[in-house]
Amino acid sequence: MPANNKKQVFGPRGDTRTTVPLPWRYTTTRQRCGVFVDGDEPGRTTDAGDWYKIWVATNAVEFMCTQLGRNGTAVSLGDNKRLRVELRDMRDSNTADADLIATS
């Protein structure tokens with residue numbers, strides 16, 4: 001996943017201001033774990049932020065939650081606190097979201 005401090009606009013697909021379409025997903029090569037970035041209004045949120053802060057939040061959730069085999073979420077990310085990151089065990093059938101696009 002990206003980890004730089006260049007400002008991005010996370011937002012809906014089709015919005016001309018959007019540089020990172022939401023929802024965004026990254027999965028491991030063996031499809032075991034998935035990182036999902038979305039907003040507080042899934043698919044409709046627009047907020048600015050940088051990948052470094054998303055990466056930091058992802059690492060914190062991974063350390064605290066997935067080491068124990070659980071899913072986890074970090075909220076209130078982005079300049080306006082409207083973004084969230086979720087880590088999910090992709091082996092759990094309840095985590096399969098057909099509308100998410102893999103962008104690894």
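Which residues have the most contacts inside the largest nonpolar core? The views below get to that. This is a predicted model, with local features needing pLDDT of at least 70 and side-chain atom pairs counting only at pLDDT 80 or more, while totals for chains, interfaces and linings use all residues. Residues are numbered from 1 along each chain as its sequence is written, and side-chain values use heavy atoms, with hydrogens and water left out.

**View A. The open sheet.** Three strands line up in the order S2-S1-S5, with mixed pairing. Strands here are DSSP E runs of at least two residues, and helices are H or I runs of at least four, both numbered from the N terminus; pairing takes at least two DSSP bridges. S2 (20–22) and S5 (47–50) sit at the edges with a single partner strand each, so one side of each has no neighbour in the sheet. S1 (residues 7–12) and S2 run parallel, joined by 3 bridges, and Pro12 stands opposite Leu22 in S2.

**View B. H1 on the sheet.** Helix H1 (residues 51–64) lies across S1, S2 and S5, at about 75° to S5. Angles run from 0 to 180 degrees between N-to-C directions of axes fitted to C-alpha atoms, for helices over the stretch in contact (heavy atoms within 4.5 Å).

**View C. The nonpolar core.** Phe10, Val37, Trp51, Ile54, Leu77 and Val85 have the most contacts inside this 15-residue core. Its members are buried (under 20% relative accessible area, 1.4 Å probe, protein chains only) and joined through side-chain atoms within 4.5 Å. H1 supplies the largest share, 4 residues.

**View D. Around Phe10.** Among the residues Phe10 touches are Val20, Leu22, Val37, Trp51, Ile54 and Leu83, not counting residues up to four places away in sequence.

Definitions and conventions. Buried means under 20% relative accessible area, exposed over 50%, partly exposed in between (1.4 Å probe, protein chains only).
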